[in-house]
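Have the sequence and the structure open as you read.

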Amino acid sequence: MEEVAEPPKHDDPLEELLRRVRSYNPQADEALIRRAYQYSERMHRGQKRMSGEPYVIHPLNVALIIAQLKLDVPSIVTGFLHDVVEDTSVSLAEIQASFGAEVATLVDGVTKVSKITFQSREEKQAENFRKMIIAMAQDIRVVLIKLADRLHNMRTLDHLAPDRQIEISRETVEIYAPLAHRLGIYWLKSELEDAALRYLDPAGYQMLKAFVAKTRVERELYIKAVIEILSQRLSESGVKAQVTGRPKHFYSIYTKMQSEGLAFEEIYDVVAFRIIVDSVRECYEALGVVHANWKPVPGRFKDYIALPKVNMYQSLHTTVIGPRGQRMEVQIRTHEMHRVAEEGIAAHWSYKEGNGGLSPQKSERFAWLRRLIEWQQNVKDPQEFLSTVKEDLFPEEVFVFTPKGDVLDFPRGSTIVDFAYRIHSQVGNHLVGARVNGRMVPIRYRLESGDTIEVLTSDKQVPGKDWLNWAATARAKSRIRQWLRAQESQRSIQVATAMLDHELEPLGLTLNQLRRDGRLDQAVKELSVRDADTLLAQVGYGIVSVSQLLNKLLTPEELKLYRSEKAPQPVPAERPTREARKAAGGGVVVSGLGDVLVRFAHCCNPLPGERITGFITRGRGVTIHLVGCPRALETDPQRRVPVVWKADEESPHPIRLEVLCVDKPGVLAAITKNIAAAGINITTAQVKSTDVNRRSSSLFELNVTSARQLNNLMHSIAAIDGVLKVTRIGQQNGHRPG
């Protein structure tokens, strides 16, 4: 594992910080840094961390990490002050008065305080992330300081409760590590991931640590031997180079083991070598030397020098069959490329440039930040924004050409739909097909590096819901959803207008008359809705009933006449009773809608105890999804309603469980015995065996009463000897034996 050394232990950590700053910024205002430290110590005096240490230890360590990133003085000052506004009585105005507008802006961008009230903690988290992204795009230092804050929190996570450790670690690998990767700070990404793995899978982490320790001596000898061979071959070819070797970090080995179902002994490329040379020409010469001595693995060569990653990373990557038949990865780059790879965006920092420290030319390399700003302006639902940003943080790029020869990068798996929306929203909305390298292709064609794309459009073409299945980028999905919602909203307004006109006809009135009289605008104010179209759309959706709106629109005399004219509606014989409708709710309380039919989405099958959200479904009551379910995110946020489980909910809910295990006698019997012991009924079971690797896959349909019951069952099954993985179908979570 490649580890980043902890800051050296000094008697005076402030002096160590100043020494570190002095090493890369001799003109730094040390007096301001000292004053910020003293201010932070004074404001946090008396406060303790969960470890029992004085709270000031945290901002001091954050400032040390910021100095490790080689950021400027305002960033380091912000490291000291980033929690002052949140955790003490100090206001942002006081920060500005004492340390200036620049520091106050950075503190405001980093602070976690939110004055907005959300329906749930998940929405608050998503909204805070949206704010961080916006602040980041305005000043990149915000996210760098935030990453330093998160890194120190991960280093000191031992003192929190286990559920908080898991929650923070999951957020770290889903959001903060990918951000560090996008910004090109690989040491920070690796340390965040490895620290998170300790809490997300403690048994897996310890097992991996033991394996790595066990093979350490052998691995070090192997690395030394390969370095000697490489150095000698390069020298013989006249290439002056610096050669180093290292094992890959824990998390990368772990994810490969998980994704490919491999044991540690089956992972061969756990060692990577780096060749650093003086020029680009020597990079390719060094590549020739490597390939001349060891056979390259087909499909594993990447030229990030000719086609750099979006975070400015440049290097040649190749995997070869090295000594003893062991796979090894080799990276080849210049000294300047290495500096960028190690420091990321900080390698391009200039203390004389304003606006977040990046010149316009270098800011162009971070066009994805501008795309994030576009999305947040168009995506109103914070959870959808969080989901789409996550998608964009994990891309493997492909590079394609416009007819004019411009190069555009896309995540792997992108289609013509993504390309069209990247050009312009209207181009995407009217897309009918494309020519790729002169050949006609459908809009679902997946882009490949080197393609030249010419988009074809028609005014008669409009997006359909199936387009969401063909879009891979957040921008395209956002634009498609925006168009679909606009059309659905328009249809709902038409439905509502027709319904209201029908109800008003006996009174000799129309909706247009009431609109002209100002009554509709008054109803908008009384119902606290954004505008008249939104109110009518809600009537069409069924969120606001016709009778609710008429109560606001009509005078008392008109209401009396309306009720006398309206014939009573008989209750159909097949209509569920109130008791039956409550039972259909399955133990879910729907806020603000009273007695309403409730159904559970089959895509995620939520269980009592899991975080849920509800969506009004026309003609079918409220559909319950898990928070974060992809299908739920495709639904109009205007139709969302708050829902919670009843405290005493114990009714059974169907779920599907897949168990991957070694194909040997007794394993299936042990699994079914555990299920029966948990008091859970099996409704169906399917077992498939493969002769290739002597494994079997069992699919069970079960009725469980809560998420806790299911999790306990999954843990018990995972502990059975021979079980490799337990997964809930329709979910990302799985259990592997420790």
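Cysteine 661 has a relative accessibility of 3%, so it goes down as buried. Keep in mind that this is a predicted model.

## The whole protein

The protein has 738 residues, and 50% of them count as buried. Its secondary structure comes to 32 helices and 22 strands.

What about contacts along the chain? Take those in the protein with a separation of 6 or more: 65% of them come from residues 24 or more positions apart.

## Helix α4, on the inside

How many residues of α4 are buried? The count is 9 of the 9, so this helix is largely enclosed by the rest of the structure. The buried residues are Val73, Pro74, Ser75, Ile76, Val77, Thr78, Gly79, Phe80 and Leu81.

## How α4 meets α7

One of the things α4 packs against is α7. Helix α4 covers residues 73-81 and α7 covers residues 101-110; their axes are 9 Å apart, at an angle of about 50°. That makes the two helices oblique to each other, and their crossing is right-handed.

Which residues do the touching? On the α4 side they are Pro74, Ser75, Val77, Thr78 and Leu81, and these meet Glu102, Val103, Leu106, Val107 and Val110 of α7. Sorted by class, the contact has 7 nonpolar, 2 polar and 1 charged residues.

## Cysteines

If you're wondering about disulfides, a search of the whole structure turns up 0. Take cysteine 603: its nearest cysteine sulfur belongs to cysteine 629 and is 3.6 Å away, and cysteine 603 is in no disulfide.

Cysteine 603 is partly exposed, at a relative accessible area of 29%. Cysteine 661, by contrast, is buried at 3%.

Where do you find asparagine 437? Look in the loop between β9 (431-436) and β10 (439-441).

Is asparagine 605 buried or exposed? Its relative accessibility is 18%, so it counts as buried.

Conventions. Residues numbered from 1 in each chain as written. Predicted model: local features only at pLDDT ≥ 70, side-chain atom pairs only at ≥ 80, totals over all residues. Heavy atoms only, no water. Axes fitted to C-alpha atoms, helices over the stretch in contact; angles between N-to-C directions. Helix = DSSP H or I, 4+ residues; strand = E, 2+ residues; numbered from the N terminus. Parallel < 35°, antiparallel > 145°, perpendicular 65-115°, else oblique. Left-handed = near helix turned anticlockwise from the far one by under 90°. Contact = heavy atoms within 4.5 Å. Nonpolar A, V, L, I, M, F, W, Y, C, P; charged D, E, K, R; others polar. Disulfide = S-S within 2.5 Å. Buried < 20%, exposed > 50% of the residue type's maximum accessible area, 1.4 Å probe, protein only.
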